[in-house]
Amino acid sequence: MVNGRDHGGDLSGAMARFGGSPGDWIDLSTGINRVPYPAPPASAAALCELPGRAAIERLCAAAQSAYGTVWPLLPLAGAQAAIQLLPVLAPRGAVRVLGPTYNEYGGAFEAVGRAVETVAGAEALAGAALAVIVNPNNPDGRRFSPGTLHDIAATVGVLVVDESFADPHPELSLLPGACPGNVLVLRSFGKFYGLAGLRLGFALGPEALIGRLAGRAGPWAVSGPALEAGALALADAGWQAQSRARLSAETARADGLAEAAGWRPLGGTALFRLYETEDAAEAQARLARSWIWSRIFPYSSGWLRLGLPGSEAEWDRLEEVL
């Protein structure tokens with residue numbers, strides 16, 4: 001838990017309750033790819049020198065190619081860093097978030113004294129000064145087509161579209177199309193590439209919005225190792241295609257195991273699945289007694305979210321427990 005808000009990851013709380021050491025656990029609470037990109041160790045230059053313009057430009061070019069876009073972009077220390085900067089883009093007026101979803105949006109605005117309204121339907125975003133949609137959504141996988149998002153953008157001041165889980169679902173992305181003047185897209189690097197500890201992500205949008213974020217982010221918003229590993233991974237189209245195919249196939253495998261355990265699939269993405277259980281806290285504890293960590297939510301007594309296992313040994317262990 002960070003700043004009082006609930007998150008996946010951080011096994012210290014799980015170990016305090018159920019024992020074990022970090023190496024004993026399979027952490028399926030985050031939706032981070034457990035078959036990570038095989039990044040080499042960081043070079044001495046990346047570790048010891050201040051990030052230079054050439055490294056930043058190399059990363060940006062690789063990101064634009066991987067996302068199939070020409071939108072201006074700003075590398076940041078994860079999509080979370082972009083979320084923290086969003087209040088500088090919000091004009092006076094209502095801030096609305098389509099929920100339930102990732103809770104850091106509300107937290108970022110509330111921290112600067114801005115009220116945030118969580119709405120259940122996209123039509124309720126109309127008239128907002130700034131509106132947020134996570135596409136596909138965390139935790140239920142709700143998704144919108146690019147055309148629908150353009151229609152929504154026409155009804156709000158600034159539309160923020162969080163595509164943190166869109167890498168396995170490129171058909172949902174706004175980025176291959178033209179860049180609207182009032183849309184900001186956020187992308188996470190660490191989730192799909194399984195390298196969350198690097199802290200890398202991107203904000204993409206019109207120059208006016210990107211420039212305001214860049215001014216607040218400062219000159220070295222991304223570390224040298226993140227610039228180096230990110231450029232390599234984003235340029236590796238073969239690994240990306242192979243990972244999309246594997247993740248797509250394994251969602252059915254995860255759903256089958258859950259259904260056999262009596263859980264009802266509610267949706268999700270190719271990086272995590274959401275299930276309705278009779279008692280989510282008890283289901284989480286059942287998994288945790290075998291040192292498999294999952295995610296439950298304070299607003300639902302039945303919802304449990306599981307990331308996808310990585311190795312066959314992890315899959316076998318999950319199947320045995322369920």
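Let's start with Asn 138. Asn 138 sits in the loop between strand E5 (130-134) and helix H6 (146-153). Helices here are DSSP runs of H or I with at least four residues, strands are runs of E with at least two, and both are numbered from the N terminus. The model is a predicted one: local features need pLDDT of at least 70, side-chain atom pairs count only at pLDDT 80 or more, and totals for chains, interfaces and linings use all residues. Residues are numbered from 1 along each chain as its sequence is written, and side-chain values use heavy atoms, with hydrogens and water left out.

Is Asn 138 buried or exposed? Buried, with a relative accessible area of 9%. Buried means under 20% relative accessible area, exposed means over 50%, and partly exposed is in between, with a 1.4 Å probe and protein chains only.

Which residues does Asn 138 touch? Leave aside neighbours within four places in sequence. Then Asn 138 is in contact with Pro 100, Thr 101, Tyr 102, Phe 165, Phe 272 and Arg 305. Contact means heavy atoms within 4.5 Å.

Take Arg 305 from that list. Its side chain makes a polar contact with the side chain of Asn 138, at 2.6 Å. A polar contact is a pair of N or O atoms within 3.5 Å; within protein, one must be able to donate a hydrogen and the other to accept it, and residues adjacent in sequence count only if both atoms are side-chain atoms. Arg 305 also lies over the face of Phe 272, 5.2 Å from the ring centre. The rule for that: NZ of Lys or CZ of Arg within 6 Å of the ring centre and within 35 degrees of the ring normal. Arg 187 lies over the face of Tyr 67, at 4.2 Å.

Now the rings. The whole structure has 13 aromatic pairs. Tyr 37 and Trp 239 form an edge-to-face pair, 5.4 Å centre to centre, with 85° between the planes. Rings of Phe, Tyr and Trp (its six-membered ring) pair if their centres lie within 6.5 Å; planes under 30 degrees apart are stacked, over 60 edge-to-face, the rest tilted. This pair links distant parts of the chain, 202 residues apart. Tyr 37 is in the loop between strand E1 (26-27) and helix H2 (44-48), and Trp 239 is in helix H10 (residues 237-260). Both are buried. Ring pairs join Tyr 37, Phe 189, Phe 192, Tyr 193 and Trp 239 into a cluster.
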